[in-house]
Amino acid sequence: MKKVAIIGGGASGIYLARALKGSSYSLTIFEKREQLGKKLMATGNGRCNCLNKNLNPNKFSSPSLAKDLFSEFPYMRLKKTFEDDWHIPLIELGDFVYPASLSAIAMGNYLKASLDARILCESKVADYQKKEDGYHLYFDGKEEVFDILVIATGGKSASKFGSDGSFFSLLERHGYEVTPLKPGLTPILVQEKNGLKSISGVRIKAEVEVREKEKTYFQEEGEVLFRKDGLSGIVIFDAESVIVTHGLKNAQILIHPLPGFKKDRVESLTIWKREAPGHYLEALFVPQLASYLLNRSREDSLPLSSLLTTIPFTYENHLSFDESTVTLGGISLNEVTDTFESKKEKSLYFLGEILDFDGLCGGYNLSFCLASALKVAKDLRRQEEKMLS
């Protein structure tokens with residue numbers, strides 16, 4: 001019986017262990033935190049947006065890899081894995097897909113309870129060495145030999161859930177190329193902070209556009225949450241990842257409130273002003289935002305009519321890894337085969353967020369976690385069949 005060590009008990013590690021249930025492999029999961037799946041059980045605002053129905057390759061940092069992977073494991077195949085293979089019913093809310101319980105904790109608990117694996121929590125892997133008899137793993141002052149090594153330690157984002165990026169330095173010592181790490185899917189800090197405190201906490205539906213030097217890099221509708229120092233919300237997280245990925249230094253973030261807003265409504269300003277002096281913008285916006293727009297129009301010498309269709313901001317920075325959802329960068333894709341096996345060390349695989357591959361918000365990253373786990377499981381089961389034949 002071949003022994004498999006899965007280093008990292010997050011979504012990818014759990015998915016792989018579940019996908020290999022019933023195989024002839026002996027599985028051990030090493031997790032340095034006190035329990036498996038801490039980040040998984042906090043995703044989707046606690047509801048676990050585990051998949052996206054529209055796995056558009058352009059939603060990912062490497063569209064070519066996404067195209068190949070999701071051609072082999074399309075949405076219906078991923079859905080079948082959850083519902084038919086793992087017996088977890090799903091519900092679809094638009095393109096977003098959740099467990100029927102609408103509870104990340106419930107799904108995480110169910111998955112963990114269904115595993116057939118030796119689980120070592122609060123166990124930190126210090127290093128490994130490849131020798132003739134396999135991979136020697138050094139952990140907690142012990143040494144154990146495994147036939148197959150799967151590294152699924154995650155990135156550097158959300159350290160409170162255990163992903164602190166510490167494993168990357170070990171892998172660099174082993175000669176692996178690591179694309180520089182950056183926080184992904186975080187709120188954005190803007191230069192125009194004056195007055196933002198007055199609308200901190202206000203949410204609006206808007207179209208968000210990212211432009212630099214007259215080129216549009218991003219355009220998407222969603223909910224924008226104003227902060228005292230910038231902008232937040234899922235659509236803003238996506239915009240931030242695009243800005244960082246493209247290395248934009250002077251990006252303009254254009255908030256178009258009331259998507260589909262028509263020019264004739266702007267021309268109704270005079271009517272609203274006549275009908276309700278002092279509160280005429282409240283025909284469109286909550287009082288705090290109405291006052292902010294009036295003040296900004298005066299202070300920045302911007303026509304009020306233009307602010308009704310476009311509220312401009314200038315990118316200043318993003319927040320830290322602790323505030324980010326995913327990590328941009330990681331183990332270079334040049335280091336792995338199409339089955340995510342190391343090109344340097346046979347029978348060593350990389351899985352999930354540790355790779356230099358990420359997607360936008362909306363279940364894309366967890367879709368990748370599942371598809372990549374199924375890809376590795378498929379390769380290991382193919383090897384198992386050869387051994388048993």
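**Notes on a predicted model**

1. Start with helix 9, residues 287-299: this helix lies across strand 13, strand 14 and strand 17, and runs at about 95° to strand 17. Keep in mind as you look around that the model is predicted.

2. Six strands make a closed barrel in the order 12-15-14-13-16-17, and the pairing is antiparallel. From one strand to the next, the twist averages 45°.

3. Strand 12 (residues 188-190) and strand 15 (residues 230-232) run antiparallel and are joined by 2 bridges. If you pick out Ile188, you'll find Leu231 of strand 15 standing opposite.

4. Now for a pair of helices. Two packed helices are described by the angle between their axes and the distance between the axes. For helix 2 (residues 63-72) and helix 11 (residues 364-388), the axes come within 10 Å and cross at roughly 65°. Angles of 65 to 115 degrees count as roughly perpendicular, so that is the label for helix 2 and helix 11. Their crossing is left-handed.

5. Who meets whom there? On the helix 2 side look for Leu69, Phe70 and Glu72; on the helix 11 side, for Ser367, Phe368, Ala371, Ser372, Lys375 and Lys378. Sorted by type, the residues of this contact are 4 nonpolar, 2 polar and 3 charged.

6. Most residues other than glycine have a negative phi. Cys48, however, has a positive phi near 65°, and Asp140 has a positive one near 50°. Cys48 sits in the loop between strand 2 (26-31) and strand 3 (51-52), while Asp140 is in the loop between strand 8 (134-139) and strand 9 (142-146).

7. Asp140 is partly exposed, because its relative accessible area is 42%.

8. Last, have a look at Thr153, in the loop between strand 10 (148-151) and helix 5 (167-173). Thr153 counts as partly exposed because its relative accessibility is 22%, and the cut-off for buried is under 20%. Leaving out residues up to four places away in sequence, Thr153 touches Ile7, Gly8, Ser163, Phe167 and Ile354. Glu31 is 122 residues from Thr153 in sequence, yet their C-alpha atoms are 8.5 Å apart in space.

Methods:
Residues are numbered from 1 along each chain as its sequence is written. This is a predicted model: local features need pLDDT of at least 70, side-chain atom pairs count only at pLDDT 80 or more; totals for chains, interfaces and linings use all residues. Side-chain values use heavy atoms; hydrogens and water are left out. Two strands pair if DSSP finds at least two bridges between them. Helices (H or I, at least four residues) and strands (E, at least two) are DSSP runs, numbered from the N terminus. Axes are lines fitted to C-alpha atoms, for helices over the stretch in contact, and angles run from 0 to 180 degrees between N-to-C directions. Contact means heavy atoms within 4.5 Å. Buried means under 20% relative accessible area, exposed over 50%, partly exposed in between (1.4 Å probe, protein chains only). Angles under 35 degrees count as roughly parallel, over 145 as roughly antiparallel, 65 to 115 as roughly perpendicular and the rest as oblique. A crossing is left-handed if the near helix is turned anticlockwise from the far one by less than a right angle, and right-handed if clockwise. Ala, Val, Leu, Ile, Met, Phe, Trp, Tyr, Cys and Pro count as nonpolar, Asp, Glu, Lys and Arg as charged, and the others, Gly among them, as polar.
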